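Welcome, and please open your viewer. Keep the selection tool at hand, and we will walk through the model stop by stop.

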Amino acid sequence: MARGEDERCRREISRLLADGLATQTEPFPETEKEFAELLDALRGRKGGGPDLRAKLVLCGLIDKPYGEDRMRCQECLYYLVHRRWCDLPELAIPVDPDWWCRLWRI
Ligand code: SF4
């Protein structure tokens, strides 16, 4: 995805979240099995286009840090700092450092 396309997509995601898209932040996948099941569910969706919204709902993306520990993309294993990008193949979306989703890992 080119930089301009990243920005366009980030703005679209930001707008969807600001408009109140209800994403599924729980249950948090506590075990490898639960994590793998969530990835399987995400693999059933195509990236971008009309499926973007469904992907955001499934992964539970929110536009702010999560919980008492204020977990966020910035500290996640999958976050690419320079591109502001989620590099988890099943997501592969532009994200902001202060966002979070339930696939968060450290
Ligand atoms: S997996 Fe979730 S928390 Fe981690 S970088 Fe991607 S969107 Fe952010």
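**Before you start**

This is a predicted model, in which local features need pLDDT of at least 70 and side-chain atom pairs count only at pLDDT 80 or more, while totals for chains, interfaces and linings use all residues. Residues are numbered from 1 along each chain as its sequence is written, and side-chain values use heavy atoms, with hydrogens and water left out.

**Stop 1: the cavity and its ligand**

Rolling a probe the size of a water molecule over the atoms shows where empty space is left. On a 1 Å grid over the protein atoms alone, a cavity is a set of points where a 1.4 Å probe fits but cannot get out, and its lining residues have an atom within 4 Å of a point. Points are joined across faces, edges and corners, and a volume is the space filled by probe spheres set on them.

A search of the whole structure finds 1 cavity of 30 Å³ or more. The largest cavity holds about 130 Å³ of space. Select Cys73, Cys76, Cys86, Leu91 and Cys101: of the 15 residues lining this cavity, these are the closest to its centre. What classes of residue make up the lining? There are 15 nonpolar, no polar and no charged residues; here Ala, Val, Leu, Ile, Met, Phe, Trp, Tyr, Cys and Pro count as nonpolar, Asp, Glu, Lys and Arg as charged, and the others, Gly among them, as polar.

Now show the ligand, which sits in the largest cavity (more than half of its atoms lie within 2 Å of the cavity's grid points). Around the ligand you will find Leu61, Cys73, Cys76, Tyr78, Tyr79, Cys86, Cys101, Leu103 and Trp104, each with a heavy atom within 4 Å of it. This shell divides into 9 nonpolar, no polar and no charged residues.

**Stop 2**

Helices (H or I, at least four residues) and strands (E, at least two) are DSSP runs, numbered from the N terminus. Select Met71, in the loop between helix 3 (52-59) and strand 1 (79-80). Is Met71 buried or exposed? Met71 is buried, because its relative accessible area is 19% and buried means under 20%, exposed over 50% and partly exposed in between (1.4 Å probe, protein chains only).

Beyond its neighbours within four places in sequence, Met71 is in contact with Pro65, Tyr66, Trp100 and Trp104 (heavy atoms within 4.5 Å).

Gly67 is partly exposed, at 44% relative accessible area.

**Stop 3: Leu52**

Move to Leu52, found in helix 3. Leu52 counts as buried, because its relative accessibility is 3%. Leaving out residues up to four places away in sequence, Leu52 touches Cys9, Glu12, Ile13 and Ile93. One of these, Ile13, is 39 residues away in sequence and 8.3 Å away from C-alpha to C-alpha.

**Stop 4: backbone details**

Select Glu26 and Pro27: the peptide bond from Glu26 to Pro27 is cis, with omega near 0°. Pro27 lies in the loop between helix 1 (3-18) and helix 2 (32-43).

Next comes Arg84, in the loop between strand 1 and strand 2 (85-86). Its phi is near 50°, a positive value in a residue other than glycine.

Finish at Ala92, in the loop between strand 2 and strand 3 (93-94). Phi of Ala92 is near 50°, again positive in a residue other than glycine.

Terms used: 1 Å grid on protein atoms, 1.4 Å probe; cavity = no way out; pocket = protein on both sides within 12 Å on 5 of 7 lines; lining within 4 Å.
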